[in-house]
Amino acid sequence: MPRATPPCVAAPLRPGYSAAMLLLLACTGAKPDDSAAPADDTAAPAGQSLADADAVIYGNESDAAGNSVTFGGDDDGDGRDTVIVGASFLGQVCAFRDPAGELPVQSGDACWTPETTRDYAGTSAEGGRDLDGDAIPDLLVGAIANDETGAEAGKVYLLPGPYTSGAMADAPTAFTGEAERDYFGTSMAFLGDIDGDGDEDWVIGAPANITGGAGGGRAYLYLGPAVSGTVAATDAWATITGEGTTSKVFHGAPAAGDGIGTVTAGPGDVDGYGLADLWLGANGNEVGGNDRSEEHTSELQSHSDLVCRLLLEKK
């Protein structure tokens, strides 16, 4: 039986490593004592002290190690989750199995190299679900400045489990951004099965897409199982487009528009309607004032005449 995932804490730490971002995993394996809650609500529960960390994964100066962190699932069948760490300025993502002590980010059990360092591969990562239908967890990695379909359009790679080192350019499946400076792959989330076919589905965010105006952003929904080859953003099963303006956007800053796709999440059915829900962050939305954040919730339906219904929850 797979071992339960221990409580973990991730944090940038230890200024002695200069500008490197460090991932500290406080995975002591000890279960917090729920019956003895600390008197101070801000105090860390038992088993989550950073001083008791089992492992520190660190980068060199300007690697930005820890820019993305996720669990990759049990890809090798040992009953334990694999830890995934992205170093976006280095452009690499590495997988660690049972990390212990202090480890450089490039010492992972599996590491993937970018097409170019300038792609910023590892800005985002999402793992632990089977996307290609082989019952082994897979990993999605975002390279938000990849230029394949336009300058900084962005690209997302599907790296299948079991994880082995290689080049991201050799990924069996890749998803490309729609237009230049979309920053496609800024966020990703697994949604579960939204169309009733038993396969995992997912969403990819491009917060600087200008379809709905500058900085409006766009989210792209994909149905599993993943197919081999390169999948264009225009081939997504459904898209959700944010509202933007006619102002120019620099480096994906969403202040000119909603910035849909800056953050995405698949929380399951949170409103009790029996449909999978999708949460989209819109941190540039100005309902109620400049840059007033807003949550957009989509209810996804499998009906052929209604791909999805977008509810804008105005507070």
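1. Asp 182 is buried (under 20% relative accessible area, where over 50% is exposed and the range in between is partly exposed, computed with a 1.4 Å probe on protein chains only) and yet has no salt bridge, the nearest side chain of opposite charge being that of Arg 218 at 7.3 Å. A salt bridge here is a side-chain nitrogen of Lys or Arg within 4 Å of a carboxyl oxygen of Asp or Glu, and in the assignment of charge Lys and Arg count as positive, Asp and Glu as negative, while His and the chain ends are not counted.

2. The structure is a predicted model, in which local features need pLDDT of at least 70 and side-chain atom pairs count only at pLDDT 80 or more, whereas totals for chains, interfaces and linings use all residues. Residues are numbered from 1 along each chain as its sequence is written, and side-chain values use heavy atoms, with hydrogens and water left out.

3. If residues up to four places away in sequence are set aside, Asp 182 touches (heavy atoms within 4.5 Å) Glu 152, Ala 153, Ala 206, Pro 207, Ala 208, Asn 209, Ile 210 and Tyr 220.

4. A search of the whole structure finds six aromatic pairs, for which rings of Phe, Tyr and Trp (its six-membered ring) must have centres within 6.5 Å, with planes under 30 degrees apart called stacked, over 60 edge-to-face and the rest tilted. One of the pairs, Phe 184 with Tyr 220, is edge-to-face, at 5.5 Å centre to centre and 70° between the planes. This pair links distant parts of the chain, since Phe 184 sits in the loop between strand S12 (173-176) and strand S13 (187-192) and Tyr 220 in strand S15 (residues 218-222), 36 residues apart. Phe 184 is buried with a relative accessible area of 0%, and Tyr 220 is buried with 1%.

5. Trp 202 and Tyr 222 have ring centres 6.2 Å apart and planes at 15°, so this pair is stacked. Trp 202 in strand S14 (residues 201-206) and Tyr 222 in strand S15 are 20 residues apart, and the pair links distant parts of the chain. Both Trp 202 and Tyr 222 are buried, and ring pairs link Phe 175, Trp 202 and Tyr 222 into a cluster.

6. The model has one disulfide, a disulfide being a pair of cysteine sulfur atoms within 2.5 Å. It joins Cys 94 to Cys 111, with an S to S distance of 2.0 Å, and the torsion about the S-S bond of these two residues is about 115°, so the disulfide is right-handed. Cys 94 lies in strand S5 (residues 92-96) and Cys 111 in strand S7 (residues 110-113), 17 residues apart, and the pair links distant parts of the chain. Cys 94 counts as buried at 1% relative accessibility, and Cys 111 counts as buried at 12%.

7. Most residues other than glycine have a negative phi, and most peptide bonds are trans. A cis peptide bond joins Gly 161 and Pro 162, with omega about -5°, and Pro 162 lies in the loop between strand S10 (155-159) and strand S11 (166-167). The bond from Gly 224 to Pro 225 is also cis, with omega near 0°, and Pro 225 is found in the loop between S15 and strand S16 (229-232).

8. Ser 62 has a positive phi, near 70°, in the loop between strand S2 (55-58) and strand S3 (65-71), and is partly exposed with a relative accessible area of 44%. Phi of Ala 135 is likewise positive, near 70°; this residue is placed in the loop between strand S8 (121-129) and strand S9 (138-143) and counts as exposed at 67% relative accessibility.

Note on methods
Helix = DSSP H or I, 4+ residues; strand = E, 2+ residues; numbered from the N terminus.
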